[in-house]
Number of protein chains: 2
Amino acid sequence: MDRIRILQKKMIARAIDLAIIMQPRDLYYYAGTAQPCNLLIPAVGEPLLFVRRAWDFVLKETRLPHSQLVESARSSEIAAVVEAYGIACAKIGLTEDAIPASIYKKMIDSFPNSEVVNISPLVLEQRMVKEHQELEWISEAADLFRHAHNAILKFLRPGVTEIQLSARVLESVREAGGESIIRNRRWDASLPPEGLVVSTTNMWRISGHAMTITGVGLSNALPWGASHTEVVAGDLVVVDMGINLNGYQADIARTYVVGSASSLQLEVFNQVLAIQQVVLDKIKPGVKGKELYLTAEAEAKRLGQFQYFQGYGKMKGHYIGHGIGLELDEPPTLDDKCNVTLVEGMALAIEPKLIIPQFGGIVIEDDVLVTPTGYRLITPVERCLFEVRG
Amino acid sequence: MDRIRILQKKMIARAIDLAIIMQPRDLYYYAGTAQPCNLLIPAVGEPLLFVRRAWDFVLKETRLPHSQLVESARSSEIAAVVEAYGIACAKIGLTEDAIPASIYKKMIDSFPNSEVVNISPLVLEQRMVKEHQELEWISEAADLFRHAHNAILKFLRPGVTEIQLSARVLESVREAGGESIIRNRRWDASLPPEGLVVSTTNMWRISGHAMTITGVGLSNALPWGASHTEVVAGDLVVVDMGINLNGYQADIARTYVVGSASSLQLEVFNQVLAIQQVVLDKIKPGVKGKELYLTAEAEAKRLGQFQYFQGYGKMKGHYIGHGIGLELDEPPTLDDKCNVTLVEGMALAIEPKLIIPQFGGIVIEDDVLVTPTGYRLITPVERCLFEVRG
């Protein structure tokens, strides 16, 4: 219930009378259930949960008192109930990035005299700072990466294809209890649950919405992720994956070499590691997000690699990491404009990369929790360039 | 290009001046690329594809002439270009179920003098009847189910958990080249890529958005799909999965018994098979969708099983199947109100089920293509109750 009180405070500060929460992750956060529901939160007073289906499940799942549940399948009934409860609704908040236009229009029609505003920034700002249990779940999700790592060590060899490796990674994490769906906030983002498994040939071809090593995928319908490309001796292989456990995602990447690393591969790896380390060294409460990015950028310049830092040319990114939680890519985005101040309880992914045409790429992505004095690394696998049988 | 001409005809019939296509599957359908783009289709004349990222990929992927591509990252530029091209835009069509409210509002702001209407029904009506290549891809997707089936035959035994089976099914289909993301039209639907792997104990607990055997999942964050429940001798196990190949989905279910089927299990299986067969026998061009549902319902009543047909109580469904294609659950929905007339080139999933508290459930789901004289079954595995080691 504290979470609802925090949102109510934010609503009052912005003169928002009523918030309607519909997106499954937001519902799970505020009501404890991701079943088909609409959660009404007035600025003052108790929330009401309209349950469209799976009533018996909701009874067990939700943290709300059962007196605040309403069994209802019709969105038109919401307005009637709101009126009956005498909740003022001059200004209504919806999460406009997270619901479709069709639902938005229904809500506008149900509340013809109300102004509708976007409350996603309030919700995401609140979700940015995690509670103890949330940090535990993120840490447990991160810990599942050891299964993916072991699958790569076991199956990576010359002649294996990206898609075969992908299948092994996927199986290993699913069997260990990871979900096989990765959650994004962006409506059109879609990351395969085994992440991006990419070998040298496909490393500097940057596809889709993501600003990273993406791979080229299996068809034009989903042109990123693993392909049928065969790994050859000397290849670099990046595995960059989200891991979803209990609804909370970790985001981790490691780079592997098939055989012995060349001196150039080792040199580039050490540069990426150096960039990551200067960023990690900066992390503590009070630091602004943009300081992390600018620190990384300065180090990439000092190393003479700025041209390839976070991609190159038009596909270059200007961020060094992001929040993780109920969605894989949450605020804060740690870019050159990020004015968010770090506080204890944030969970961040720090992901420097150098992507160099013809050479390939190196990615190291680690998850950290912000502590009172710095950070705690929760990735379970050491930060090495792993040499796998050649 | 024919696809765009067909949409233009529909637009002219409804006095829609301009369609803006943004959702990745719709983009893939009309432009051949799922990269981040906006496709503008005027009622008369040539389309324009605004490319936000991955220009080099789009050049290779799209079927549009390159003269119709515009490299642009800003949605505000769209309105300027539309004005420069002299495209009338008194009435603009958007796919309102498929884009978020935030994008919808941006578009409203970019075209302040236009009326916006929902063109999703036009797009989905067109996509309902597939071309030859689309039917090939759906058939190839369906064919991948043999890998899932073999994984079940190999790994199902007393003591295995739903999640372990899930991991094997997932690996087998991914390795064979299936995607590990299943596409839905509904914004809040999310089906694990290995589908719903459910054993007896969890069969009559119906969770989430789906109207079927759902399983209970691993946590409240995603409370359907496989759980840690152990399979025991005598259990029924349903595997109901979408398979995505080249962006096209098949939707298939089979039911397995651990050990020898009891006479009751066999009897219920034969009833579900009988319901499916009367529906299949009806399928040919000219028949209305609701006739399929009503035929199934009549057979369920004749068998004395209507109470458990497509679920029970509040969780009972009133449909017998649906279209399949770029999304797992496309029009037509074969329910008691479906006035869509079947035509050659439709791809349908027919999914009768009996869900009986304490007993468990039987699901048989098969995919068919509507032919000039009837239907062609494309599921690669026979319609049996499979007895697996006890």
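In strand 15 of chain B, which residue is the bridge partner of Leu348(B)? It's Val368(B). Keep in mind that this is a predicted model.

**Strand 15 and its neighbours**

To get from strand 15 to strand 16 of chain B, the chain makes a hairpin through four residues.

| Strand pair | Bridges | Direction |
|---|---|---|
| strand 8 and strand 9 of chain A | 10 bridges | antiparallel |

Is strand 15 of chain B enclosed or open? Five of the five residues in strand 15 (residues 366–370) of chain B are buried, so the strand is largely enclosed by the rest of the structure. In a regular strand, side chains alternate between the two faces of the sheet. Here Asp366(B), Val368(B) and Val370(B) point one way, while Asp367(B) and Leu369(B) point the other way, and all are buried.

**A four-stranded sheet in chain A**

Now switch to chain A, where an open sheet of four strands has the order 7-8-9-17 and mixed pairing. Strand 7 (196–199) and strand 17 (386–388) of chain A sit at the edges with a single partner strand each, so one side of each has no neighbour in the sheet. On average, neighbouring strands of this sheet are turned by 25 degrees against each other, direction ignored.

Within it, strand 8 (residues 236–245) and strand 9 (residues 248–258) of chain A are joined by 10 bridges. Helix 9 (residues 162–175) of chain A lies across strand 7 and strand 8 of chain A, at about 150 degrees to strand 7 of chain A.

**Core and helix packing**

Nonpolar side chains tend to be buried together in soluble globular proteins. The largest nonpolar core in this model has 254 residues, and Val238(A) and Val238(B) touch the most other members. Among the residues that Val238(B) touches are Leu196(B), Val198(B), Met203(B), Ile213(B) and Val363(B).

Over in chain B, the axes of helix 8 (residues 145–155) and helix 9 (residues 162–175) come within 8 Å and cross at roughly 145 degrees. That crossing of helix 8 and helix 9 of chain B is right-handed. Residues that meet there include Ala148(B), Ile152(B) and Phe155(B) from helix 8 of chain B, and Leu165(B), Val169(B) and Val173(B) from helix 9 of chain B.

**How the two chains meet**

Chain A can be laid on chain B with an RMSD of 0.0 Å by a turn of 180 degrees and a shift of 0.0 Å along the axis. The two copies are thus related as by a two-fold rotation axis. The same surface serves both copies, with 100% of the contact residues of chain A recurring in chain B.

How many residues of chain A are in contact with chain B? The count is 53 residues of chain A, in contact with 53 residues of chain B. Elements giving two or more residues to the chain A side are helix 2 (24–31), helix 3 (55–61), helix 5 (101–110) and helix 9 of chain A. Helix 9 of chain A gives the most, with nine residues.

How values were computed:
Residues are numbered from 1 along each chain as its sequence is written. Chains are lettered from A and ligands numbered from 1 in the order in which they are written. This is a predicted model: local features need pLDDT of at least 70, side-chain atom pairs count only at pLDDT 80 or more; totals for chains, interfaces and linings use all residues. A residue is buried if 20 or more other C-beta atoms lie within 10 Å of its own, exposed if 12 or fewer, and partly exposed in between; C-beta atoms are placed from the backbone. Two strands pair if DSSP finds at least two bridges between them. Axes are lines fitted to C-alpha atoms, for helices over the stretch in contact, and angles run from 0 to 180 degrees between N-to-C directions. Two residues are in contact if their C-beta atoms, placed from the backbone, lie within 7 Å. Copies are superposed by least squares on the C-alpha atoms of residues with pLDDT of at least 70 in both. A nonpolar core is a set of buried Ala, Val, Leu, Ile, Met, Phe, Trp, Tyr and Cys residues joined through C-beta atoms within 7 Å. A crossing is left-handed if the near helix is turned anticlockwise from the far one by less than a right angle, and right-handed if clockwise. Lists of a residue's contacts leave out its neighbours within four places in sequence.
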